[in-house]
Amino acid sequence: MSKANGDIRIGVYVCHCGTNISAVVDVKSLAAYGATLPNVVVSREYKYLCSDPGQDLIRQDIAERKLNRVVVASCSPHLHEQTFRNALATGGLNPFFLQMVNIREQDSWVTEDKQAATRKARDLVRAAARRVAWNESLERDRIPIHPAVMVVGGGIAGIHAALTLANSGKHVYLVEREPTIGGHMAQFDKTFPTLDCAACILTPKMSAVKSHKNITLWTYSEVTQVDGYVGNFKVKVRRWPRYIKEDLCSGCLECLKACVYKEAKFPDDFNVGLAKRKPIYISFPQAVPQVPVIDPETCIQFKSGKCKKTCIDACGERHAISLQMEEKTEEVEVGNIILATGSQPFDARRIPYYGYGVYPNVYTALEVERLVNASGPTGGEVVLRDGRTPKSVAIVHCVGSRDEGTNRWCSRVCCMYSLKLAHLIKEHTGADIFNFYIDIRTPGKGFEEFYQKLLNERVHFVRGRVAEVTDWALDPSEENKLVIRVEDTLAGIVRRIPVDMVVLSTGLEPQADAEQVRRLFNITCASGGFFLERHPKLAPVSTFTDGIFLAGCCQGPKDIPDTVAQAGAAAAEALALIDAGFVETEPNAAYVMEEVCSGCKTCVAMCPFSAIEFLQEERKARINQAKCKGCGTCVAACPSGSIYQHLFEDQQIFEEIEGILTNA
Amino acid sequence: MPESFEPKIVAFFCNWCTYLAADLAGTSRIKYAPNTRVVRVMCSGRVDPQFVLDAFAKGADGVLIGGCHPGDCHYQEGNYKALRRFVLLKRLVKQMGIEEERLRLEWISAAEGERVKTVVNDMVEKVRALGPRVPARRKEVA
Amino acid sequence: MKRLKAFWLSTEMRRKMKFQREADPLWAQKIAERPGCEGLFSCLQCGTCSGTCPLSIYMDFAPRRIIALVREGFKEDALSCQTIWLCASCYSCAVHCPRQIHITDVMYSLKREAIQEKLYPRHFPIPVLAQEFYKMVRRKGRSSEFWLVLRMAFRTNPMQLLGMAGTGWQLMRTGRLRLRQDRIEKVKELQSELAGREVG
Amino acid sequence: MASTYGYFPGCSARGTGVAYEESLLTLFRLLNLSLDELKDWNCCGATSYMSIDEGSAFLLSARNLSRARQAGHRELVTPCSACYLVLRKTQDYAARYPEIAKSVGDSLVAANLPPLDSVTVRHPMEVLYNDVGLERIKSKVVRHWRGGRVACYYGCQLVRPFAEADRPHDPTRMDELLQAVGVPTIDYSLKTKCCGGSLTGTIHEVGVRLNYILLKEAARKGAEAIVTICPLCQYNLDAYQGEIRKHAGEPLDMPVFFFTQILGWALGGDARSLGLGRAISGRRSIEEWFSKHAEEVESYV
């Protein structure tokens with residue numbers, strides 16, 4: 001490849017980004033320096049280049065000064081490369097004649113020394129000006145988008161996203177790991193701050209999912225493999241056998257009654273172990289689908305083969321129960337994937353000095369959600385494990401949140417659900433309630449008002465992180481009680497408060513298998529382990545993998561309103577792609593100069609996408625432009641230097657290096 | 001050049017992990033040594049040994065290659081290819097009489113803004129200790 | 001007029017308010033740079049330290065308030081209080097702190113400052129004991145509980161020895177009271193090593 | 001085969017804690033582990049040094065550590081929690097803070113001592129637990145425990161930062177060791193609370209009060225004795241019960257043992273060599289429990 005036709009006329013544009021850049025980098029001198037570089041015909045600085053007048057500046061110069069190359073020194077290309085490419089395009093220049101210089105994220109924001117920062121910026125601008133001369137005019141390819149969408153995770157986020165998409169006529173595959181959809185929200189009693197019951201607002205949506213003609217619901221299933229790219233993903237889903245045919249089961253639940261186990265005796269996950277279930281069970285009465293599951297771990301027939309199989313008799317003519325059922329794998333094509341895999345509650349055992357798992361009357365918030373729930377194990381009665389009704393209750397905030405030893409982040413929901421539980425427990429028992437908090441965070445709509453309401457309900461609020469929950473009695477009044485030892489930081493005294501019940505407001509953390517899921521879908525995790533969004537503000541539900549979107553707590557702790565909003569946003573992003581019908585690809589594919597190719601086949605093995613075919617008769621390699629993803633590994637590997645890559649030509653990179661290193 | 005020698009380090013960062021980490025370091029306002037000059041490539045697998053040799057030939061005091069952690073490559077296995085090449089490259093560079101500390105390959109994920117700081121600072125320190133390089137004559141590397 | 005002045009003085013003395021000029025941010029910075037004290041400014045004042053401290057109930061300022069005073073630079077208050085001396089170095093705060101601040105080390109730094117600045121409460125036995133211990137080990141290379149207590153008592157309040165007599169006798173009877181003061185052989189060498197580290 | 005450890009007794013082993021050293025040596029002999037006392041060891045500086053002069057404090061420990069290296073020891077056993085923590089803290093800080101490493105290093109060079117090197121500082125409890133192992137100890141038991149349940153009191157410094165002897169919030173190794181020789185233990189919520197250290201000697205009332213709480217809670221939980229791993233804890237809990245009886249009017253007379261005494265006795269050591277006569281409180285019950293004619297055991301389960 002040779003220098004682009006005609007003479008090179010470069011325009012250099014330095015952005016102040018308000019003071020984000022100009023406060024550290026001497027933008028005036030930088031622009032002045034730009035003007036001195038070879039082939040540069042105009043060099044300007046401007047307050048906000050990304051703004052409309054900023055872009056006009058560039059368009060104008062393209063028209064008046066006949067620019068055919070543009071260097072923009074501003075923020076990261078990940079933020080505004082697209083913006084400026086469009087500016088070039090609308091200015092009548094091929095968008096790929098642009099070269100961006102990152103002097104914000106990778107210079108002004110990370111450097112204190114102004115001279116050093118300006119020196120760095122100069123080097124980078126010089127490098128870009130050299131490189132851009134070698135940029136070429138390129139065209140984008142278009143990939144068609146398969147209209148179907150897969151939603152992974154059947155919590156409120158997944159449900160809402162699925163329904164939104166389905167209602168707009170797109171087909172949705174909703175995959176849920178548990179035997180029922182509903183997620184954590186299904187376990188809650190009431191929701192803050194409005195106190196409307198979770199079931200009343202969730203179950204209608206759940207049945208809507210079940211009955212929707214555009215939704216294929218796969219519960220008790222998990223994604224095992226993801227191939228392909230935006231527009232045409234191929235996804236494999238493993239469906240565990242529930243030993244009951246969903247299509248034949250009417251949900252009469254006779255089989256449950258008929259089970260040879262008269263008493264339920266196995267811990268029930270849905271009730272976080274507070275209740276028992278039989279080997280054949282349904283998670284909760286409103287479960288969707290209304291189909292029981294048989295747990296082979298506990299079912300006599302599976303363990304010994306010597307069961308009367310009363311469940312099968314009970315099912316009778318329907319023959320819905322099939323103990324021979326086997327795990328099967330579905331394979332589908334979808335254009336987009338929405339991840340709504342949620343979060344898990346922090347394991348309170350990790351903080352030994354709060355006594356969870358040691359003292360029976362120390363509960364986690366989720367356990368108490370079940371206790372106060374009318375359809376819970378106690379029918380809504382808040383009673384201790386020994387059947388007593390607590391007269392005093394301590395609610396410990398920030399358990400597994402804001403703690404370097406466990407999780408550093410604030411889990412956002414605990415303050416409010418703690419207030420909610422305080423209200424509900426008081427309502428149910430009239431007990432004396434103490435909240436122990438570091439800070440009360442009530443930024444949501446109607447949240448602060450709810451806090452005020454609680455204060456007026458005479459709930460105690462003690463500002464201080466609980467130092468320990470213990471059973472040692474220093475005073476007769478503490479005999480047979482749990483004692484909270486804490487500094488009341490506002491009163492400035494250390495207090496010992498005896499209570500009957502302790503509720504640990506455990507924080508939210510990434511699902512145990514978030515790491516595997518992340519690899520499966522080839523996306524990134526943030527430092528805490530939650531999935532990383534493409535941009536915290538401008539692309540909050542997108543990921544760095546096109547066509548994969550995030551919704552709900554898998555992206556970070558959030559409450560139901562935020563989750564639903566995000567689910568809607570994710571659905572909208574997917575819809576936008578589907579309705580456009582195609583995505584434009586980055587024209588960075590590699591290509592072979594066949595006359596130079598020696599036919600050594602080194603590259604063929606290099607390509608993970610088998611985009612390189614070997615032409616037997618010509619003894620040459622050829623790269624399938626549609627298949628190539630543009631990593632450039634083959635380019636670097638080619639011994640005869642006959643493979644090139646658009647946007648990342650060797651020459652361009654050499655020029656960049658040269659530019660960086662030629663001292664000026 | 002200021003009396004205290006300021007090494008210039010050419011960094012090849014992959015677009016999906018290390019370059020994003022460097023951006024994250026910026027958005028988190030993490031301060032680190034201003035001695036790196038980043039060349040963005042789509043994948044660490046794109047880093048042609050010639051780039052590295054060229055950088056040294058043209059007087060770079062150090063070369064830092066940043067890629068995704070093993071198993072995290074946006075292109076599935078580009079970083080492994082990079083690693084394989086790196087091993088050979090390191091030998092070659094050594095034979096050319098360039099100290100090992102001047103060439104470095106690091107896995108830095110998009111979430112590890114802090115790590116960009118530690119890696120860069122550490123490398124700058126080591127290279128500064130080594131002092132400026134007498135640029136190898138082009139013949140040797142071309 | 002005089003009366004008025006006296007009145008002002010008395011109110012001055014009971015004043016709880018603080019002027020910003022009384023704060024010494026540089027000093028706070030200095031403390032935060034000591035080994036183990038890095039976390040000082042990351043404290044979120046949750047009070048876990050005070051809650052878990054076995055002695056906070058006897059302190060004039062609970063540990064959390066010490067941190068608050070130090071990082072705002074209120075040197076005098078932080079150095080002249082009893083709190084830092086009541087700290088028995090049990091490290092309970094350090095292992096409980098959600099910010100993993102080594103509060104015990106902050107206390108140590110403050111104790112050292114207090115000694116240097118001579119701000120520690122006079123005749124408060126703990127700093128006295130510490131200094132006696134310090135001298136004794138320098139002199140002999142080892143410490144002797146018996147002589148330590150004796151010296152401390154003489155420097156604070158000799159009467160308390162009467163109260164100790166009972167326990168002393170018990171120890172004597174069970175052969176646990178060693179009157180001879182051990183002394184390491186290479187004590188000269190030790191002293192030379194410690195030399196140049198003389199404090200106060 | 002006998003394995004040898006470097007041994008750093010610490011000052012109180014030669015004073016109020018003499019029974020600790022006696023029983024420790026006896027116990028190790030019974031398990032044929034040998035302790036080789038560090039020549040001319042010096043005080044670890046305890047908490048007081050840190051309070052006055054950090055540099056010297058670290059130097060004192062560094063000196064002992066490098067002497068241990070000089071004597072060719074890779075592992076240095078110290079029974080005193082304070083010594084254990086201070087020595088480990090010195091290593092930890094020297095590793096984390098170059099300035100400390102340097103200041104300490106320089107003085108060592110000046111005194112031509114080997115530099116602060118990889119000596120692992122260990123506590124007997126953790127040596128018995130890891131190196132000997134519960135099984136081996138079980139197998140060597142020759143005497144039945146006749147007494148009631150005991151409270152294992154770990155105190156503070158053994159399980160704090162820098163330490164690796166056990167988990168900081170809920171240590172269990174002493175309990176496991178005692179249970180291995182058939183001594184039932186209570187779950188004692190105060191097992192890692194502080195005994196006040198030298199407070200009993202300075203702010204006497206406060207110090208005694210702390211120990212009163214520890215003793216009272218142990219009794220309330222049905223313990224008939226407290227077992228400790230630190231000379232100072234043992235002294236504080238043991239020495240002031242009479243005073244507590246007088247002021248609190250509690251009928252308190254609870255023996256306070258070193259864990260080495262109990263283990264040593266179960267493994268066949270005699271009362272004298274275990275320093276059992278040196279207790280101040282609960283002497284009577286000791287006679288009951290450690291009767292000279294305790295019958296030998298054929299097979300202990």
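In chain D of this predicted model, strand 5 and strand 6 (residues 225-228) run side by side as a parallel pair joined by four bridges. One of the residue pairings can be named: D:C152 has D:V227 of strand 6 of chain D as its bridge partner. Both strands belong to an open sheet of three strands in chain D, ordered 5-6-7 and paired in parallel. The edges of this sheet are formed by strand 5 (150-153) and strand 7 (256-258) of chain D, each of which pairs on one side only. With direction ignored, neighbouring strands of the sheet are turned against each other by 30 degrees on average.

A helix accompanies this sheet. Helix 8 of chain D lies across strand 5 and strand 6 of chain D, and its direction makes an angle of about 145 degrees with strand 5 of chain D. Helix 8 (residues 173-180) of chain D also packs with helix 6 (residues 124-132) of chain D, at an angle of about 60 degrees and with 10 Å between the axes. The crossing of helix 6 of chain D with helix 8 of chain D is left-handed. On the side of helix 6 of chain D, the contact is made by D:M125, D:E126, D:L128 and D:Y129, while helix 8 of chain D contributes D:R173, D:M174 and D:L177. Sorted by class, this contact of helix 6 with helix 8 of chain D holds five nonpolar and two charged residues, and no polar ones.

The view can now widen to the neighbours of chain D. Four pairs of chains touch, and the pair with the most contacts is that of chains C and D. Chain C brings 45 residues to this contact and chain D brings 48 residues. On the side of chain C that touches chain D, two or more residues come from each of helix 7 (92-96), helix 8 (103-116), helix 9 (125-140), helix 10 (145-156), helix 11 (160-173) and helix 12 (187-194) of chain C. Helix 9 of chain C gives the largest share of that side, eight residues. In terms of class, the side of chain C that touches chain D consists of 23 nonpolar, 10 polar and 12 charged residues.

Some chains stay apart. Chain B does not touch chain C, and the nearest C-alpha atoms of the two are 16 Å apart. Chain B does not touch chain D either, with 15 Å between their nearest C-alpha atoms.

Chain B does, however, meet chain A, in a contact that takes 43 residues from chain A and 40 residues from chain B. Helix 4 (104-108), helix 5 (114-132), helix 17 and helix 18 (650-661) of chain A each supply at least two residues of the side of chain A that touches chain B. The largest share of that side is the eight residues of helix 18 of chain A. The side of chain A that touches chain B divides into 21 nonpolar, 11 polar and 11 charged residues.

Chain A itself has 664 residues, of which 51% are buried. Its secondary structure amounts to 18 helices and 34 strands, and its C-alpha trace spans about 90 × 70 × 40 Å along the principal axes. Of the contacts in chain A between residues at least 6 apart in sequence, 71% join residues at least 24 apart.

Helix 11 and helix 12 of chain A cross in the left-handed sense. A:A365, A:V368 and A:V372 of helix 11 of chain A make this contact with A:Y417, A:L421, A:L424, A:I425 and A:H428 of helix 12 of chain A. Seven of the residues in the contact between helix 11 and helix 12 of chain A are nonpolar and one is polar, with no charged residues.

A:Q625 sits in the loop that links strand 33 (620-623) to helix 17 (633-637) of chain A. A:Q625 counts as partly exposed because 15 other C-beta atoms lie within 10 Å, whereas a buried residue would have 20 or more and an exposed one 12 or fewer. The C-alpha atoms of A:Q625 and A:N588 are separated by 9.4 Å, although the two residues are 37 residues apart along the chain.

Key. Residues numbered from 1 in each chain as written. Chains lettered and ligands numbered in written order. Predicted model: local features only at pLDDT ≥ 70, side-chain atom pairs only at ≥ 80, totals over all residues. Contact = placed C-beta atoms within 7 Å. Nonpolar A, V, L, I, M, F, W, Y, C, P; charged D, E, K, R; others polar. Left-handed = near helix turned anticlockwise from the far one by under 90°. Axes fitted to C-alpha atoms, helices over the stretch in contact; angles between N-to-C directions. Pairing = 2+ DSSP bridges.
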